[in-house]
Amino acid sequence: MNNETKYIKDIDKLVPRPDIALEVLQMAYDNQVSIPAMALKIEMDPNLTANMLRLANSAYFGHMREITSVKDIIIRLGLETVKIIAITGASAGLMRSPQQAYSLEPGSLWHHSHATAVLSSVIAKYARVEDTGSIYTASLLHDIGKVILNRPLQIAISNNKGLGKKFNSLLELEQYLLGTDHAKTGMALLQKWGLPDNVTLPVGFHHNVNCKEARLLHVKIVSLSNFLVESIGIRSVVPDNFIFNVQEFIDQNQQLPDVPNFQNNMEKIIDEFFCQFNETANLAN
Ligand SMILES: [Fe+2]
Ligand SMILES: [Fe+2]
């Protein structure tokens, strides 16, 4: 058994009702999915249902008449949108808890992941990627490995208090103490759930810019977006007076992954991102 498999074995113990959220995620990726079956499954989890209704009624999805049931969401917004809403609702449930080993307060991992997903979608739209759904999902779940490794990492850190060693990155620390890292562990989990390569590979390689997988556009977009969100320093809602200097960012970061139409549209991309992120930031809380 490799280290990732050892850690993902106990995911079911980490969240209150992971079974429903996870099944909804899997259903969303099944081409043969039956809408009534999916609606029924979602309705088994009241929190997920509430999250989905809140998202569906938000300004972001722009509907005039109130949506009051899961079936309504599916009929009025269409399956592609339902997938996005189901994935968002389910992921929020998995990622809201604090991740102490990573110094992440309650909600922080969710806000970071959600911001990365919104930004990736805008970048993907400018890059004219067809399959934006998998980029959204991969971005939302890119740090899911932190949920799994939080507890073992906490234990390992407290058992190694005298650790005089310096690490250049979080990944090096994880690798040293646990023999794996959150990116690899997240990828192993999503592979176990049966999600496609377009979702699992960007998760597994989002910190790894020098491997052959980093040449895939999906991987480039997710790692670029993760890096940008970290640089912007997003925690929850972006304040109105927030200023992000695009030119300064480009000058300081010459080695960004080359994503089509990104650098020359960066100002527009960041504006669209801020607007969409603020509209949806608190919906799945
Ligand atoms: Fe990460
Ligand atoms: Fe991240």
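Colleague: Why is Val147 called buried?

Modeller: A residue is buried if 20 or more other C-beta atoms, placed from the backbone, lie within 10 Å of its own, exposed if 12 or fewer, and partly exposed in between. Val147 has 25 other C-beta atoms within 10 Å, so Val147 is buried. This is a predicted model, in which local features need pLDDT of at least 70, side-chain atom pairs count only at pLDDT 80 or more, and totals for chains, interfaces and linings use all residues. Residues are numbered from 1 along each chain as its sequence is written, while chains are lettered from A and ligands numbered from 1 in the order in which they are written.

Colleague: Where is Val147 found?

Modeller: Val147 is found in helix α9 (residues 144-159); helices are DSSP runs of H or I with at least four residues, and strands are runs of E with at least two, numbered from the N terminus. The chain has 15 helices and zero strands.

Colleague: What makes the chain as compact as a globular protein of that length?

Modeller: The globule rule is 2.2 Å times the number of residues to the power 0.38, and the radius of gyration is taken over C-alpha atoms. For 285 residues the rule gives 19 Å, and the radius of gyration of the chain is 19 Å, so the chain is as compact as a globular protein of that length. The C-alpha trace spans about 60 × 45 × 35 Å along its principal axes.

Colleague: What percentage of the 285 residues in the chain do buried residues make up?

Modeller: Buried residues make up 40% of them.
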